[in-house]
Each structure stands twice: as structure tokens, then as C-alpha cells.
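Hello,

Here is the structure I promised to hand over. My notes on what turned up follow below it.

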Amino acid sequence: MESPDKPRERLRLSRERVLRAAVEVADAGGIGALTIRSLALELGAKPMSVYYHVANKEEILDGIVDVVFSEIELPAADGDWQAELRRRAASARQVLRRHRWAIGLLESRTTPGPATLRHHDAVIATLRAAGFSLEMTAHAYALIDSYTYGFALQEAGLPFEGPDTVAPVADSIMKHFTAGDYPHLVEMATGYYFKTTYDFADEFDFGLTLILEGLAKSLPH
């Protein structure tokens with residue numbers, strides 16, 4: 001009689017299945033947890049079976065970055081450029097909340113996959129269709145992505161999430177000093193954070209609006 005593990009081991013592997021499993025391993029334990037051995041364990045296969053579909057870890061990293069890019073909504077060049085880039089930035093932020101390990105990897109690969117290239121091409125097409133020059137397209141793309149990735153990184157590191165958790169965290173910090181030590185910080189906390197339904201997540205739209213409206217002023221009239 002076959003052991004319970006045998007049927008799972010014989011499930012047909014594919015490159016797509018291997019990469020999706022790699023994403024799951026990274027989601028669960030971070031990019032440091034992703035090894036050929038942990039990937040094989042996730043797949044219920046032997047390490048040598050994994051090597052049939054990916055040559056090494058670098059190829060896995062190229063592949064999972066491409067998977068992440070494939071999940072981000074593409075902007076449409078024939079739509080309103082601000083609405084399209086706002087939608088794309090919001091989608092990127094949501095995807096990076098699911099795959100926090102990817103924040104520092106998205107622009108690091110020197111052999112990008114088709115989804116990555118398709119994504120960059122779509123963003124550039126949207127900016128060019130809006131009337132931005134090649135130089136301003138480069139500026140706009142860098143600015144929007146720096147803001148989006150930076151916000152995602154900061155959001156991932158916060159010790160609170162949602163308006164209901166801001167006050168308790170801030171209150172616990174304030175217990176370690178007197179109000180006179182940091183008067184402006186205390187004023188901000190007690191006069192705004194504690195008295196409103198403040199949610200750091202709302203800052204994303206505020207900042208993105210400033211960026212898009214500022215870029216719009218550079219378009220030829």
C-alpha cells in the first residue's frame with residue numbers, strides 16, 4: 001500500500017505551480033524562509049523535482065517578482081491618466097500588503113519577466129498618452145513609485161493597524177515621558193490622534209493626490 005505522501009509527491013509540477021508555492025512560502029515566513037528545500041516541502045515534492053522547473057534561487061526570485069507584478073492592475077492609456085494611475089497605485093499598495101517581502105524586490109531584478117515588462121510599458125504608455133515628455137515621464141514614474149513603495153514599506157512597519165489601534169499604542173508610548181518633554185508631540189496626539197478616527201491608511205490618498213495634481217501642472221496647456 002502506498003503511503004499517504006505518495007500521491008501528493010506525484011502531482012504534476014509546473015513552473016507556475018512552483019512559483020505560486022514560492023510566493024506562499026515567502027508570504028508565510030518572509031523571503032529568508034524561501035529555499036529550495038522549503039519550496040519542495042510546500043509542494044510535497046523532492047528538491048530535484050523543483051530544479052527541473054527553476055534552475056536556482058535567482059530564477060525563483062525573478063519568477064515570484066513577476067507573479068507579484070501580474071497581480072497589480074494595469075493602467076489604461078486611453079483612460080483619464082490621473083484616475084488610471086491612482087487605480088494602479090492603490091492596487092500596487094494592496095498587493096504589497098499581501099506580499100510585504102516584495103517591497104524591496106520589485107525593482108531589483110535584472111532579468112524581468114513578461115508581467116513586469118508589461119506593467120512598466122503600460123504605466124509609461126499612460127503617462128505618454130497624457131502628454132508628458134520622455135523626461136517628465138521618467139520623473140513622474142519615479143515619483144509615483146517612490147511614494148507608493150515608500151508608503152507600503154512604512155505601513156508594513158507600523159506598530160498599529162486601523163483607527164482603533166492608534167490611541168492605545170500612542171498612549172503606551174506617552175507613558176514613558178512627561179508632557180513637558182515633547183509638547184508638540186503630545187499636542188498632536190491628544191489634540192488630533194486621540195480625538196478623531198485617525199487612520200494612517202488614509203494618508204495614502206492624500207499624498208497621492210498632491211503628487212498627481214502637481215504632475216498635472218507640468219503638462220503643456
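Arg109 counts as buried, because its relative accessibility is 18% (buried means under 20% relative accessible area, exposed over 50%, partly exposed in between; 1.4 Å probe, protein chains only).

This is a predicted model: local features need pLDDT of at least 70, side-chain atom pairs count only at pLDDT 80 or more, and totals for chains, interfaces and linings use all residues. Residues are numbered from 1 along each chain as its sequence is written, and side-chain values use heavy atoms, with hydrogens and water left out.

Arg109 makes a salt bridge with Glu58, with the closest N and O atoms 2.6 Å apart. This pair links distant parts of the chain, 51 residues apart: Arg109 is in the loop between α6 (81–98) and α7 (114–130), Glu58 in helix α5. Glu58 is partly exposed at 46%.

Two terms need cut-offs. A salt bridge is a side-chain nitrogen of Lys or Arg within 4 Å of a carboxyl oxygen of Asp or Glu. Helices (H or I, at least four residues) and strands (E, at least two) are DSSP runs, numbered from the N terminus.

The structure holds 9 salt bridges. Others include:

- Glu59 and Arg15, at 2.8 Å, N to O. They sit 44 residues apart, in helix α5 (residues 57–71) and helix α2 (residues 15–29) respectively.
- Arg87 and Glu73, at 2.8 Å, N to O. Arg87 is in helix α6, Glu73 in the loop between α5 and α6.

A network of salt bridges links Arg20, Glu71 and Arg98.

Regards
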